[in-house]
Amino acid sequence: MASADAASDRSAAIRACRAEVSSQTGVTLDDVRLDQARVRGTTVRVDLDVWRDGQLQNVRCDASRDAEPTIIAISPALQTASAQ
């Protein structure tokens with residue numbers, strides 16, 4: 001069941017999505033920027049701008065509206081940065 005505090009759920013989902021995208025791509029949190037976020041029933045849809053190797057990639061992340069948001073989907077699928 002979704003909590004009643006949409007603003008809090010939205011903020012938590014943004015943090016979770018930014019952290020997961022940063023982890024998957026190997027970029028810093030500063031390189032994963034919020035474009036927009038929308039609360040949708042039991043989920044939050046977060047659109048992010050990811051700057052990697054001087055190029056912009058738009059990423060969509062869907063997260064649950066639980067006390068601790070769970071990442072449901074990230075698209076497009078991200079490639080982890082290769083070790084140098």
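Author: Start with helix 1, whose buried residues pack against strand 1, strand 2, strand 3 and strand 4. Helices (H or I, at least four residues) and strands (E, at least two) are DSSP runs, numbered from the N terminus. This is a predicted model: local features need pLDDT of at least 70, side-chain atom pairs count only at pLDDT 80 or more, and totals for chains, interfaces and linings use all residues. Residues are numbered from 1 along each chain as its sequence is written, and side-chain values use heavy atoms, with hydrogens and water left out.

Reader: Which residues of helix 1 are buried?

Author: Buried means under 20% relative accessible area, exposed over 50%, and partly exposed in between (1.4 Å probe, protein chains only). In helix 1 the buried residues are Asp-9, Ala-12, Ala-13, Ile-14, Cys-17, Val-21, Ser-22 and Thr-25.

Reader: How many residues does the largest nonpolar core have?

Author: A nonpolar core is a set of buried Ala, Val, Leu, Ile, Met, Phe, Trp, Tyr and Cys residues joined through side-chain atoms within 4.5 Å. The largest here has 16 residues, and Val-21 and Val-46 have the most contacts inside it. Two or more residues come from each of helix 1 (6-25), strand 1 (32-40), strand 2 (43-52) and strand 3 (55-64).

Reader: What is the phi of Asp-53?

Author: Most residues other than glycine have a negative phi, and most peptide bonds are trans. Asp-53, not a glycine, has a positive phi of about 55°. Asp-53 lies in the loop between strand 2 and strand 3, and counts as exposed because its relative accessibility is 76%.

Reader: Where is a cis peptide bond?

Author: The cis bond joins Ser-75 and Pro-76, with omega about -5°. Pro-76 is in the segment after strand 4 (71-75).

Notes
Contact means heavy atoms within 4.5 Å.
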